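Here are a few notes to go with your first look at this one. Have the structure open while you read.

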Amino acid sequence: MDKNQIGTNAGIVWNILKDNAHWEYEDLKATTGLSDRELNAAIGWLAREDKIDFDMDQNHDRLFLHVNVYIG
C-alpha cells in the first residue's frame, strides 16, 4: 500500500460518508470492501485533513463528514 492507494481509499470512504449519515466502522468496512489496514489508513487520511468527525459512546464508534462552513 502506498500514499496514492491510501488517497484513493480515502476518496472511496469520503464518497460513502457524503450521505451525511453516521456510519459504524463495521458497516463502513463492509460497504467499502476495504481491509482493516486500508480502512484505518483512509480514516487517518481524512481525519488529518479535518474532513471527518467521530461520534463515540460506550457501545459504538461512528464516523461522519465534518462540514466546514466559511462565511466571509
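1. Start with helix 2 and helix 3, which sit roughly perpendicular to each other. This is a predicted model, so take the angle as computed from it: the axes of helix 2 (residues 25-32) and helix 3 (residues 36-48) cross at roughly 110 degrees. That falls in the 65 to 115 range that counts as roughly perpendicular. The two axes also come within 10 Å.

2. Which residues make the contact between helix 2 and helix 3? From helix 2, look for Tyr 25, Leu 28 and Lys 29. They meet Asp 36, Leu 39, Asn 40 and Ile 43 in helix 3. Sorted by class, this contact has 4 nonpolar residues, 2 charged ones and 1 polar one.

3. Now zoom out to the whole chain. There are 3 helices and 3 strands, and reading from the N terminus their order is α-β-α-α-β-β.

4. On overall dimensions, the radius of gyration is 12 Å, which agrees with the value near 11 Å that a compact globule of 72 residues would have. Along the principal axes, the C-alpha atoms fill a box of roughly 40 × 30 × 20 Å.

5. How much of the chain is buried? Of the 72 residues, 28% are. The chain exposes about 5,000 Å², with carbon and sulfur atoms supplying 49% of that area.

6. One last point, on contacts along the sequence. Take the contacts between residues at least 6 apart: 46% of them join residues at least 24 apart.

Notes: Residues are numbered from 1 along each chain as its sequence is written. This is a predicted model: local features need pLDDT of at least 70, side-chain atom pairs count only at pLDDT 80 or more; totals for chains, interfaces and linings use all residues. Side-chain values use heavy atoms; hydrogens and water are left out. Axes are lines fitted to C-alpha atoms, for helices over the stretch in contact, and angles run from 0 to 180 degrees between N-to-C directions. Helices (H or I, at least four residues) and strands (E, at least two) are DSSP runs, numbered from the N terminus. Angles under 35 degrees count as roughly parallel, over 145 as roughly antiparallel, 65 to 115 as roughly perpendicular and the rest as oblique. Contact means heavy atoms within 4.5 Å. Ala, Val, Leu, Ile, Met, Phe, Trp, Tyr, Cys and Pro count as nonpolar, Asp, Glu, Lys and Arg as charged, and the others, Gly among them, as polar. The radius of gyration is taken over C-alpha atoms; the globule rule is 2.2 Å times the number of residues to the power 0.38. Buried means under 20% relative accessible area, exposed over 50%, partly exposed in between (1.4 Å probe, protein chains only). Accessible areas come from the Shrake-Rupley method with a 1.4 Å probe; for residues, only the protein chains shown count as cover.
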